[in-house]
Amino acid sequence: MFYEAKFKMSEERFRELKDELVFLQTVREKEVAQQIKEARSFGDLTENSEYDEAKTEQGKLYSKIAEIKNLVENAEIVKVTEKTDSVSIGSRVTVLDLELGEEDVYEIVGSQEADPILGRISDDSPFGKGLMERKKGDTIEIDAPAGILKFKILNID
């Protein structure tokens, strides 16, 4: 049995991907086709670096189109739930690192929207999985490469 992975994302991210796909399939594809046409006009294709570059760009474009099509076709739109007392996608969670004594705030998002530098943690990551469905006051342990990390959930918005 063949299993298609689902990609969790917000409605906003889904629209962004669809818009990008339309742009790549229309505007960008025409631009690359024009580059190839111009490069062909330079003559001998065996020693034509412009042609090689344009064909490489076309390959990258088609690869990107296929990647985005897969994301769109297998998207699972996640609705941000109303405020609850447990962590879910869309929650902003304030945690206390029990070892370092530092507070941090993270937003739980689908895998396609994760950006740890901006504090956007995927629900599929070890940290995100550890937070899901937990409540304010809970202490969680995350098995990380550096060892077991302990956090206390201070607040859920």
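Analyst: Rings of Phe, Tyr and Trp pair if their centres lie within 6.5 Å. The model is a predicted one, and the structure holds two aromatic pairs.

User: How do you know that the pair links distant parts of the chain?

Analyst: Tyr106 lies in strand S4 and Phe127 in helix H3 (residues 126-131), 21 residues apart. Both Tyr106 and Phe127 are buried, which means under 20% relative accessible area. One aromatic cluster is formed by Tyr106, Phe127 and Phe151.

User: Why are S4 and S5 called paired strands?

Analyst: Two strands pair if there are at least two bridges between them. Three bridges join strand S4 (residues 102-109) to S5, so the two are paired. These strands run parallel. One of the bridges has Ile108 with Ile121 of S5 as its partner.

User: What makes S5 and S6 edge strands?

Analyst: The open sheet has five strands in the order S5-S4-S3-S7-S6, with mixed pairing. Strand S5 (120-122) and strand S6 (139-144) each have a single partner strand, so one side of each is left without a neighbour in the sheet. From one strand to the next, the twist averages 45°.

Terms used. Residues numbered from 1 in each chain as written. Predicted model: local features only at pLDDT ≥ 70, side-chain atom pairs only at ≥ 80, totals over all residues. Heavy atoms only, no water. Helix = DSSP H or I, 4+ residues; strand = E, 2+ residues; numbered from the N terminus. Axes fitted to C-alpha atoms, helices over the stretch in contact; angles between N-to-C directions. Phe/Tyr/Trp six-rings, centres within 6.5 Å; stacked < 30°, edge-to-face > 60°. Buried < 20%, exposed > 50% of the residue type's maximum accessible area, 1.4 Å probe, protein only.
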